[in-house]
Every structure is written in C-alpha cells, then in structure tokens.
Amino acid sequence: MSLRMQNNLLAIFMMPEITLVLLTTIILLIGLFQKKNSFSNVTNLSVIALFFVFFLIYLNREFSFASYNYFFKSSLLIQFFKSIVVLGSIASIIISKSYFEELKLSRFEIPVLISFSTLGMLILISSNDLISMYLGIELQSLTLYVVAAIKRDSIQSAESGVKYFVLGALSSGILLYGCSLIYGFTGTTNFEEIRLSLISINHLSLGIIFGLVFVLVGLAFKVSAVPFHMWTPDVYEGAPTSITAFFAIVPKVSAVAIIYRFCLEPFGNFYSEWSQIIIFLSISSMFLGAIAAIAQQSIKRLLAYSSIGHVGYILIGLASANAAGIKGVIIYMLIYVVMNIAIFSIILSLKNNNSYIEKISELSGLSKSKPIISLSIAIIMLSLAGIPPFAGFFGKFYIFIAAVEADLIFLAVLGVISSVISAYYYLRIIKVLYFDEVDDCNYQSIITSQSLVLLICAILFLSFFVFYPSVFVTIGTTISLDFFQ
Amino acid sequence: MIIYTLSFYLFSTIAVLSALMVISSKNSVHSVLFLILSFVNAAGLFVLLGAEFLAMILLVVYVGAVAVLFLFVVMMLDINYIKLREGFLQYLPFGVLLGIVLIVELGIAFFTETFSEMSLVEYAQMPEITITENTKLLGFVLYTKYFYLFQISGIILLVAMIGSITLTLRQREISKKQIISDQNNADASKAIIKKKIKLREGI
C-alpha cells in the first residue's frame, strides 16, 4: 500500500458520515450475534461511536473527494448544527437507556436506528443539492417512523407510528413535487447553481414560486410549524417517552438547519418571496403553541405544543434574515436542546406508584419528597418560559434583537405577547409541584449516574448562562459572519 | 416513420382502453390484469421515446413486482365490491364536475398560449440526446457523479430492512430450528442408549 493510498484511506475515515456508517454497521452486527446483554452493549457502543463522530465533526478536516462538493457542503454553520445533532443523539440515548430496560423494550435495534437517523440528519444538514436533501430527509424520517412504532403491543405506539408515516410520506411527496418544479424551471438541483441561475433570471417566475412554496411546506412539516403541526402532539403522546425525548431533542435541529440553509442559500436574493410564508408560520406557531398547550393534561402533549411554540421563535430568526438572526438561532437552538435534555431526563426517571409519570397532576407534592428534583423542574420550566436569570430568556432575547434590527418590530412584539401567554402553563407546572394538595404518592427517582451527570450539567448551564453569555455570543457571531461573508 | 406512428397509436390506444377497463370491469382480478396490460403498453411508449431503461424498469418493477403483488392481495382479500360501488351514483355529479374542469384546463393549455409562454418554460434544459443507449449513460453517472446519492439510497434500503424486521419479527418458542453444528456433532454413542430391560418390568 503506497503512502498516497494510505493518506486517501485516512482522509476517507476522517469523514464523519463514512465513519458513522461503518461503525453503526459493525455495531449492528455485534448486536445481532450477541446472545446476552445485546441492548446494553449496543447502546454503550453507539454512544462511543457517536462521540467519535462528534470529534471528527469538530476536527473538520478538509475533504474534497471526486464530486462530493456538488452534493455535500461544509461550513461553520453546518459544523455547528451537526455537532448539536450528534450531541443531542448521544444525550437522548443515554437518558433513555434505563427507561427501555424497565419497559422491556430493550431491543438492540433502537440505538442502531437512532444512529442511522443521526446519519440522515448529518446528510440533511450538509446537503448542497435537492436530491441529497431529499435523501437525507427520507433516511432520517424512515428511522423515526420505525422507532415511533417500536412498542409493538401498544395500540397508541402503533397509531403514532402509522400517523407519522402517512403524514411524513405526504409531506415528502409535497417536498419532492416542489423540488421537481424548481428543477424544471432552473434546470439544476444544486443549491449553488440554483442561486446563480436565479440571479441571472432576476425574478422568480410562477413555477419557481410554486416550487419554493411546496418545498417550504414539506420542510414546515418536518419542523412541525403551524399549520403543518397536527402530527406532533399525537406522535409525541403515542410513542414511548424515551422516543419522544429523541423526537423533541434532535430532528428539530436538522430540520431547522435545512430550512435556514434552503431559504438563505439558493433563495437568499429573493427575501420578499419567502419571508411572508416564514413570518406567517412563525406567528401562527408561536400563538398556537402558547394557547393550545394551556388545556393539556399530559406532560408529553404539553411539551409537544411547547416545541411547536419554540419553532415559532426560531423562525423569527429566519424571517429577520440577517447576521443577528443566525446568531440568535444558534444560541436558541443550543439552549432549546439543553432544556429538552434536562426535562426529559427527569421525566424518564421519575416514577409514582411504580409507573412512569405521564400527567401533570401526578406531579403534585413532588416538592415535599424530592425537593432537588422539583427545584430542577422549576428551573427548566422558568427557562422554557423565558424568564430572566435563566438561559431560555437569552435565546428569546437575541432572536427578538434580530427581529428589531430587521425592522420586524411587530414580530418581536407578537413574540413577547405569545411568550407571556405561554408562561401561564409553564408556571402552572411549578404551581402543581409546590402548592397542590398531596394525594397518596410514592415517588421514586431511578436516575442512572450517566443521565444524572447530564441533568446536573444541563441545570448548571441553564442557571448560570447569565454569567457567561459572551462565550456563546462569540460563537454565534463568528458563525453568522462566516455565513454571510 | 409510418411504423413509428402506427406503433405509437397502437400502444397509446391499448393503454387508454385497458386503463378504462381497469375502472369499469366488474371482476377485480380482471382489473389488475388490465392494469398490467396498461403498464406494458406504457413501457412500449417509453421505448418509442428512446427511454428504454425506463421502459425495462417499468416492466420489471411495476409489472413484475407491484402488479403481481397487487394481484395476490386482490385474490387473498375478500372485498365486497358491490358494496364499494353503492355510492357511485351519489358521487357521480361531483366526478362529472371534476372531469369537466380537467377537460377545460387541458383545453386552455392546448389551444391557448397562456401556458406555453416563454417566461414559464424558457429555462428548462433538455437532456442531451446521444447515440449511446441510456442504460449505459445512467451506469456511467450512477457510480461516479451520483455515487454519494447511490450509497445513501443503499443505506435507506438497509434501514427499511432493519425497520421491517424489528417491527414484525417475533421469536417463537414453539418453532423448532435446525442447528447444523448439533447435527454434525451427533454420533451413535450419544443418540443410542443401550439399556438392559428386566423381564416383565419394562422401562
């Protein structure tokens, strides 16, 4: 083997996607041929593999293979979103391990499927072409459909899987139709070439606008923005809670990344064409997320509506379409992922009378028996509501600044109003925790040491963000400058 | 050229007529068979267009796999088709309305210039017409330029396989499996036990 070949081989293995495929396939085989403890071993191995992939993404060795650059792109923004996706997957695998074992759902395919889904998200985030974008979405969603229905003996889980599958297939069809229209009217599927071709045309014809709208609708399904959010509460409620945790933490990040890149890269010069759609999606998501969550009794449904609301705030950053918007979404996304990891690590470990907590009312009186855990929940809820000393406030703050800078003051005002409305149901949980009458309750917390470490880190991050926002602001500024250079 | 035109009209007439028979025949098995006939004729139309790879794929995938699977499903399921047809008259006006709208739209597209304006289709590119057959051309780009997409499609198929096995495979304790190594290791000394049986006692 010559030195040149060795170097080439090394360069191939330095590519996070290739390494992830190889490691996941090996882990799949290990799980298949192992008789005992296959779930536990495969879970640990997947976490190690994903950590390895994270370091590869962080190192970001420049690679230029034959024609990957045509379909595949790397920039600071992409690198950032990819690392958040991988870290989110690691965290969701860690916090859900004991839950799967308790529910006798310990099948080694689950971590393997989650790794494949992560792979799909990496492909999606760094796609530079309509076809690779579509394939990334399909790889990501196909695994999500399977894991949503993984609890085979439960009707709800099967229902959520089927519902997700049907609506996901519909949205993929719409997306593909949009892609075909864009291809038909520009003659190319590559993002960069679409941009150049659109600049040469200098106006969007009816067909391209149709294509743009269809693609945005397809992507809005994936980020679950209103009015394409209907699947979210049902799927979140029906799927096993650990899968819900994965749904809430990770796929949102990749979908948000691609909707940002799709609007700002190929259609970056046609702000007025897509901004109305994004502003509408943003306002309706914020308000539906805030109002519909008020009546919810189930924690999972509440978190589903809460995530719809958060998507609304995230889209404000896109509607602003400036460097501050990118900076805001970077900070917001990071904080959103950390908040979800924290709340799900608690939900996945808290039992009342030997069953996992599903309803908000079951939390009553938790503060008496588990003061530290209920304090953590309170901190997370205040942070989700965006109340000042906690991290969630800063996410919203930078997003609103971006909106004001882009002369979208009404959007910022509406955002503040909806976040005041949503504060009601976040604070209601704190009220249930601390002031409600205690029935017969027998709380147990069976948190594993790994997820305890994660939880403590997340709580510290949320509580003390106020002292070091400059670190993340610097990261955000660097990335946004790199994006808009 | 006459043969070309003749075969075009042959294929397209049979395709349209068999498509009509798909929805009008009483027996659902006949419907599926007409569907297959329609697919075969569509494949013929593709050959006339010079897209022979697409034609073969249509035959292999749709006729070979999908339609046959469909036929099995239709034969296996005992669906009461008379009941399905009951609402036909009720929805007839709506269907006729949709048909009229479609015909008017097609007429507008065909007889007026509205949709053939330059501004709409100006930028669409036609693929190069070359002498080489398009299967070969596809092969050239599939493993070179589009290798990345080809690999991702492979992974998607792998995930589909893992997913369907995960969701449907149930380990049955009752079913007996063949364990080759055990069979090979078996010999007479393990399989046959000699016992001395006393008279009038049995085992």
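What share of the 203 residues of chain B count as buried? The figure is 9%. The model is a predicted one, and chain A has a mean pLDDT of 89, with 98% of its residues at 70 or more. Chain B is built from 10 helices and 0 strands, and 18 of its residues are in contact with 30 residues of chain A.

**Confidence in chain A**

- Helix α6 of chain A (residues 109-125) has the highest mean pLDDT among the elements of that chain, at 94.
- The lowest mean pLDDT among those elements, 72, belongs to helix α4 of chain A (residues 68-71).
- Where pLDDT is low, predicted coordinates should not be read in detail.

- Along the sequence, the pattern of chain B reads α-α-α-α-α-α-α-α-α-α.
- Of the contacts in chain B with a separation of 6 or more, 49% join residues 24 or more positions apart.
- The contact between the two chains involves 18 residues of chain B and 30 residues of chain A.
- On the chain B side, the elements that give two or more residues are α6 (118-121) and α8 (147-168) of chain B.
- The greatest contribution to that side is made by α8(B), which supplies 12 residues.
- By type, the chain B side that touches chain A consists of 12 nonpolar, 5 polar and 1 charged residues.

**Nonpolar cores**

- The largest nonpolar core holds 181 residues, and the members that touch the most others are L219(A), I259(A), M333(A), I341(A), A342(A) and L462(A).
- Helix α16 of chain A (residues 323-347) provides the largest share of this core, 19 residues.
- Leaving out residues up to four places away in sequence, M333(A) touches I84(A), V253(A), V256(A) and I314(A).

- Helix α2(A) has 18 residues and spans 26 Å from its first C-alpha to its last, close to the 26 Å expected at 1.5 Å a residue.
- In α2(A), the buried residues are P16(A), E17(A), L20(A), T24(A), I27(A), L28(A) and G31(A).
- Viewed down the helix axis, the buried residues of α2(A) lie within an arc of 105°, so they line one face of the helix.
- An α-helix has 3.6 residues a turn, so residues three or four places apart point the same way.
- I26(A), L29(A) and F33(A) are exposed on the other side of α2(A).
- The cover over the buried residues of α2(A) includes α3 and α6 of chain A.
- Helix α3(A), residues 38-59, contains 22 residues and reaches 31 Å between its first and last C-alpha, close to the expected 32 Å at 1.5 Å a residue.
- Buried in α3(A) are F39(A), V42(A), T43(A), L45(A), S46(A), A49(A), L50(A), V53(A), L56(A) and I57(A).
- These buried residues of α3(A) pack against α2 (16-33), α5 (76-102) and α6 of chain A.
- After α3(A) comes N60(A), which has a positive phi near 50°.

**Helix α12 of chain A**

- In helix α12 of chain A (residues 241-249), 9 of the 9 residues are buried, so the helix is largely enclosed by the rest of the structure.
- The buried residues of α12(A) are T241(A), S242(A), I243(A), T244(A), A245(A), F246(A), F247(A), A248(A) and I249(A).

- I194(A) sits in helix α9 of chain A (residues 191-201).
- I194(A) counts as buried because it has 24 C-beta neighbours inside 10 Å.
- Apart from neighbours within four places in sequence, I194(A) is in contact with I182(A), T186(A), T188(A) and P266(A).
- I194(A) and S449(A), 255 residues apart in sequence, are 50 Å apart in space, C-alpha to C-alpha.
- A406(A) belongs to the loop between α19 (391-405) and α20 (409-435) of chain A.
- A406(A) is also buried, because 20 other C-beta atoms lie within 10 Å, and 20 or more is the cut-off for a buried residue.
- Not counting residues up to four places away in sequence, A406(A) touches S320(A), A321(A), N322(A) and G325(A).
- A distance of 26 Å separates the C-alpha atoms of A406(A) and G211(A), which are 195 residues apart along the chain.

Note on methods. Residues numbered from 1 in each chain as written. Chains lettered and ligands numbered in written order. Predicted model: local features only at pLDDT ≥ 70, side-chain atom pairs only at ≥ 80, totals over all residues. Contact = placed C-beta atoms within 7 Å. Helix = DSSP H or I, 4+ residues; strand = E, 2+ residues; numbered from the N terminus. Nonpolar A, V, L, I, M, F, W, Y, C, P; charged D, E, K, R; others polar. pLDDT = per-residue confidence, 0-100. Buried ≥ 20, exposed ≤ 12 C-beta atoms within 10 Å, placed from the backbone. Core = buried A, V, L, I, M, F, W, Y, C linked by C-beta atoms within 7 Å. Expected span 1.5 Å × (residues − 1). Arc of directions from axis to C-beta.
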